Amino acid sequence: MNHRYEKLTVWQKSMDLVEVIYCVTQKFPLNEQYGLSAQMRRCAVSIPSNIAEGSRRNSNKDFHHFVTMAFGSGAELETQLHISRRLHYIEEVDFQNTIRQITEVMKMINKFRSGLK
């Protein structure tokens with residue numbers, strides 16, 4: 001199988017999302033360095049990582065499983081972004097831009113996942 005994950009637009013967009021999450025969480029309070037900030041970064045990193053890992057598996061079924069895990073990480077990240085908004089850790093403009101980017105990646109993952117069945 002061995003898809004070239006680096007050429008997948010969904011992987012590229014999820015890598016862009018990682019950068020955005022790192023920038024946004026850098027502005028969080030220092031006491032969140034090992035809390036919400038770290039959790040959001042792990043979830044963001046998990047998205048392209050699962051796509052990459054799945055692409056190296058031997059079947060579309062395995063790939064589908066890892067892309068589904070990436071989708072789950074995106075849902076977690078989305079929720080954590082809402083939490084950070086409720087706690088006033090993120091400015092509204094940053095929230096809106098980031099949620100828009102997460103939504104785009106999630107739609108892409110969902111469409112890509114459907115094609116693997």
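Predicted model: local features only at pLDDT ≥ 70, side-chain atom pairs only at ≥ 80, totals over all residues.

Trainee: Why is H1 called roughly antiparallel to H2?

Mentor: Helix H1 (residues 9-25) and helix H2 (residues 36-55) pack at an angle of about 170°, and their axes are 9 Å apart. Angles over 145 degrees count as roughly antiparallel, so H1 is roughly antiparallel to H2.

Trainee: What makes the contact of H1 with H2, nonpolar, polar or charged residues?

Mentor: Its residues divide into 14 nonpolar, three polar and one charged. From H1 they include Trp-11, Leu-17 and Ile-21; from H2, Met-40, Arg-41 and Ile-51 are among them. Arg counts as charged.

Trainee: How do you know that the length of H3 is close to the expected one?

Mentor: Helix H3 (residues 60-86) has 27 residues and reaches 39 Å from its first C-alpha to its last.

Trainee: Which elements cover the buried residues of H3?

Mentor: The cover includes H1, H2 and helix H4 (92-115). Among the residues of H3 that are buried are Phe-63, Val-67, Ala-70 and Leu-77; the cut-off for that word is under 20% relative accessible area.

Trainee: Which residues have the most contacts inside the largest nonpolar core?

Mentor: They are Ile-47, Ile-51, Leu-77 and Ile-109, in a core of 30 residues. H1, H2, H3 and H4 each supply at least two residues of this core, and the largest share, seven residues, comes from H2.

Note on methods. Residues numbered from 1 in each chain as written. Heavy atoms only, no water. Axes fitted to C-alpha atoms, helices over the stretch in contact; angles between N-to-C directions. Helix = DSSP H or I, 4+ residues; strand = E, 2+ residues; numbered from the N terminus. Parallel < 35°, antiparallel > 145°, perpendicular 65-115°, else oblique. Contact = heavy atoms within 4.5 Å. Expected span 1.5 Å × (residues − 1). Buried < 20%, exposed > 50% of the residue type's maximum accessible area, 1.4 Å probe, protein only. Core = buried A, V, L, I, M, F, W, Y, C linked by side-chain atoms within 4.5 Å.
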